Amino acid sequence: MKSYCDLHIHHRVFQRSEDPKKIILLLEKFKYSNIAIVKEKQNLNALFEQIESIPSSINFYKRLNLTATRINDIKELLKKMRPYFDLIAVKSHEKSVFNWAIQDSRVDLLTLGGLKSNNSLSYESAKLLRQFNKPIEVTIRSLLLKSGSARSRVLRTLEKSINNIVRSRCPFIISSDAHDFYELRAPKDMISLLTLVDFPPTDINKGIIEHPLMCIKRVEARADRNVLSNDIEIVSR
Amino acid sequence: MKREKQRYITFEIISDDVEFSKGEIINAIWKQFTDLFGEYGTSKAGLWLIHYDPTLKRGVLRCSLNSVNKVRASIVTLRVINKRADGNHEFPIIFYVVGVAATILTIKRKYFHVPDNRPKKK
């Protein structure tokens, strides 16, 4: 059975709903097996206690999105926040910060802008992502919320970024970036939406299965005391 | 001219306790498709809502073979449906594509659990 992953669902989706069980049932219906919930202002611990009390086949992870315009700011934030979250993503319009975050082992993934961003991913950054085997995240929220000429601009920017992702063969992740219950989408529906930007159909499934699982394996290896680093595991002491 | 090949897309609407009519759904899908692909693209898609079950909130859309991905993409971007009876109020929904098949018989068997009563060949 395929394990679909959505590594970008906001805490707000659960906060606004009266019953988190309804959301978990919907995610199970969509056949997700791994979900990462993004922290906003509130602590995620209370939400995770609630989720753990509901029996489900989905694994939940804590995620934090960091935004900064200077390298020193990102370094400080990473030092403070790294021990408390399973996944840390960095989003920045500054090329120097973006390229530095790719090379830092404490950063799990990079995010490709957001609702307001008109910047596309450059080929140099994409090659650096491939070199450090770090995934870039592509979200569908801006395609859902915008319309008319704004959406056509988003599609154009996304197409340029995806061109560079495909040329450089760097890993990528597709996620919903849902802030609301009605912004959640099934994995195959997200894939069909990205076919509008000429994503090659042979590779697109990797963004929802293979590459997110690679991120999750790193998270689990970090938590495992027997794993020292990539592919090095203590068999017996 | 050869007959155009078609595909049948089974979808499900996830919403609060609101019932939508067949007309409201096809209007919403058609408007969204026209917004994304224009009038020319919509004419090429051959879209039609064949069946909709309000209790299951499941329906079947017919479209041409070449436009299956476009129809799926436009369905996914639908976020609200207008209900004219309630004063043109917009209700938020999630459109979920359950499956795609080439024949109505497959759709009935797989997604609407209609038993296959055809006599078996010896």
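**Helices that meet, within and between chains**

Student: At what angle do helix H9 (residues 187-194) of chain A and helix H2 (residues 68-76) of chain B pack?
Tutor: Two packed helices are described by the angle between their axes and the distance between the axes. Axes here are lines fitted to C-alpha atoms, for helices over the stretch in contact, with angles from 0 to 180 degrees between N-to-C directions. H9(A) and H2(B) have axes 8 Å apart, and the angle is about 115°.

Student: Before we go on, what kind of model is this?
Tutor: Residues are numbered from 1 along each chain as its sequence is written, while chains are lettered from A and ligands numbered from 1 in the order in which they are written. Side-chain values use heavy atoms, without hydrogens and water; local features need pLDDT of at least 70, side-chain atom pairs count only at pLDDT 80 or more, and totals for chains, interfaces and linings use all residues. As for the kind of model, this one is predicted.

Student: Which word describes how H9(A) and H2(B) lie to each other?
Tutor: Under 35 degrees counts as roughly parallel, over 145 as roughly antiparallel, 65 to 115 as roughly perpendicular and the rest as oblique. The angle of this pair is about 115°. H9(A) and H2(B) are therefore roughly perpendicular.

Student: Which residues of H2(B) make that contact?
Tutor: Contact means heavy atoms within 4.5 Å. H9(A) brings A:Lys188, A:Asp189, A:Ser192 and A:Leu193. Their partners in H2(B) are B:Asn69, B:Arg72, B:Ala73 and B:Val76.

Student: How many residues of the contact of H9(A) with H2(B) are charged?
Tutor: Asp, Glu, Lys and Arg count as charged; Ala, Val, Leu, Ile, Met, Phe, Trp, Tyr, Cys and Pro as nonpolar; and the others, Gly among them, as polar. This contact has three nonpolar and two polar residues, and the number that are charged is three.

Student: What area is buried between chain B and chain A?
Tutor: Buried area is the accessible area (1.4 Å probe) that two parts lose on being put together, summed over both. The contact takes 20 residues from chain B and 19 residues from chain A. Carbon and sulfur atoms give 61% of the buried area, which is about 1,800 Å².

Student: What is the order of elements in chain B?
Tutor: Helices (H or I, at least four residues) and strands (E, at least two) are DSSP runs, numbered from the N terminus. Chain B has three helices and six strands. From the N terminus on, they run β-α-β-β-α-β-β-β-α.

Student: Is the crossing of H1(B) and H2(B) left-handed or right-handed?
Tutor: A crossing is left-handed if the near helix is turned anticlockwise from the far one by less than a right angle, and right-handed if clockwise. Helix H1 (residues 22-45) of chain B packs on H2(B) at about 115°, with axes 9 Å apart. Their crossing is right-handed.
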